[in-house]
Amino acid sequence: MAEKTMSSRERIKAAINFQEPDQLPCNESLWPDTLDLWRTQGMPKDITPEDYFGWDICAMNLDCSPRFEQKILSKDDPFYTYTDRWGYTATKKLGKAGSVHFFDHKTADRETWDSFKHRWQLSEDPNEPARIDSASYFEHFAPYPTWSQAAEQFKELYAAGRYMLFAVYGPWEANWRHCGYEQQLMNTALDPEWVQEMAEYHMNLAIDVMRRGLDEGMKPDGFFMVEDLAETKGMLFSPDSWRTIFKPSVVKLGNFLAENGIDFWMHCCGNADAVFPDLIDAGVRVMNPLQATAGLDVVELREKYGTNLAFYGNISAVSLSGPREVLEKEIKRKVAVARTGGYIFHSDHSVPYEVDF
């Protein structure tokens, strides 16, 4: 390995700006089961995977939910059922990765939405808990910190020298949570003006939370919008629908981030290449995870988009659990694009427990 001459933050910034990094920028996401498995296979128990592998990115999470009551309703080992602050009820395995069964979504119709859309506003109450935390936004049952406590979390994480992301749902991902997935697809087709209104409410809250964070001394390096717009064969809805309904609020977010010198990152499963040019136009600089099984390939994408878009991911999780020679061939071909910047090593989603230590 070449001698390190950059901090993790400098390395990621170099990659985003298409400058040559001192070594391959890298980060990863693990299923909870994966880390448990690795602890039994030789990974030391007294060190985090971030420190053990030398990953370059850290993150905090924004809570831009309507903050409904979150509580556990029942447990039936290994499953449990809970209500979530986003406005749904879910059943899943406790502390394990796997499918989540969503049901009982709060927003049954437009009248219901009108009755609680005021929840998408940042409270002026000084005693209101912060909407930023170092803990995961998912299954967040513990109370949120105060704004001053969140600022201390930020200061400690940032001091470690890793590139800091603030993560939050995008407007599609956020609003199907309280509307229901199938229902929100129908809403998108039959009542696009309503869906656009919900998108605007969500993105306005995200901007307000970011603005409050900046006031509290929390300026991240990048903003990570989690927004699954596609499946393996293409978009969930037409590219024109996305441009009409969702792009205006994403552009507004992108303008805010640009004004404050914060890089715009986006996570999108499946193949949403049809709107990549629009996302670039909205200010997105980095795309993740670039699902290999959806036909995305960083070598081809680099040729297509040049220095207009950096890439974060695309190492097939299928290859990670397959024959080593297949994986090595894929890695050698894809990571070559990192030599001139614009690429950060990561799987094409996250590392499942089929991948051993």
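**Entry 1: cavities**

How many nonpolar, polar and charged residues does the lining of the largest cavity have? I count six nonpolar, no polar and two charged residues there. For these classes, Ala, Val, Leu, Ile, Met, Phe, Trp, Tyr, Cys and Pro are nonpolar, Asp, Glu, Lys and Arg are charged, and the others, Gly among them, are polar.

Before going on, I noted that this is a predicted model, where local features need pLDDT of at least 70 and side-chain atom pairs count only at pLDDT 80 or more, while totals for chains, interfaces and linings use all residues. Residues are numbered from 1 along each chain as its sequence is written, and side-chain values use heavy atoms, with hydrogens and water left out.

Back to the cavity: its lining residues are L62, D63, R85, W86, Y137, Y144, V168 and Y169. The space in the largest cavity is about 50 Å³. The structure holds two cavities of 30 Å³ or more. A cavity here is a set of points, on a 1 Å grid over the protein atoms alone, where a 1.4 Å probe fits but cannot get out; lining residues have an atom within 4 Å of a point. Grid points are joined across faces, edges and corners, and a volume is the space filled by probe spheres set on the points.

The second largest cavity has about 40 Å³ of space. I find R67, L122, S123, D125, E128, P129, R131, W147 and R212 around it. That lining divides into three nonpolar, one polar and five charged residues.

**Entry 2: a residue from that lining, and other backbone points**

I located R67 in the loop between β1 (57-62) and β2. Strands and helices are DSSP runs numbered from the N terminus, with strands (E) of at least two residues and helices (H or I) of at least four.

Why note such residues at all? Most residues other than glycine have a negative phi, and most peptide bonds are trans.

L290 goes on the list too, with a positive phi near 60°; L290 sits in the loop between β12 and α12 (298-305). A cis peptide bond joins N288 and P289, with omega about 0°, and P289 is in strand β12 (residues 286-289). I also found a cis bond from D77 to P78, with omega near 10°. P78 is in the loop between β2 (71-76) and β3 (79-84).

**Entry 3: the second largest pocket**

I looked up the second largest pocket next, and about 910 Å³ of space lies in it. Of its 27 lining residues, F53, W55, L320, I331 and F345 are the closest to the centre. A pocket is an open set of points with protein on both sides within 12 Å along at least five of seven lines. Helix α14 (residues 324-334) gives the largest share of the lining, four residues. By class I noted 16 nonpolar, four polar and seven charged residues.

**Entry 4: helix packing**

How do α6 and α8 pack? Helix α6 (residues 171-179) and helix α8 (residues 192-215) pack at about 110°, with axes 9 Å apart. Axes are lines fitted to C-alpha atoms, for helices over the stretch in contact, and angles run from 0 to 180 degrees between N-to-C directions. α6 and α8 are therefore roughly perpendicular, a label for 65 to 115 degrees, with under 35 being roughly parallel, over 145 roughly antiparallel and the rest oblique. In α6, P171, A174, N175, H178 and C179 meet M198, A199, H202 and M203 of α8, where contact means heavy atoms within 4.5 Å. That contact has six nonpolar, three polar and no charged residues.

The axes of α8 and helix α10 (residues 247-259) come within 9 Å and cross at roughly 15°, so α8 and α10 are roughly parallel. The contact has nine nonpolar, three polar and three charged residues.

The axes of α6 and helix α7 (residues 181-190) come within 7 Å and cross at roughly 115°. W172, N175, W176 and C179 of α6 touch Y181, Q183, Q184, L185, N187 and T188 of α7.
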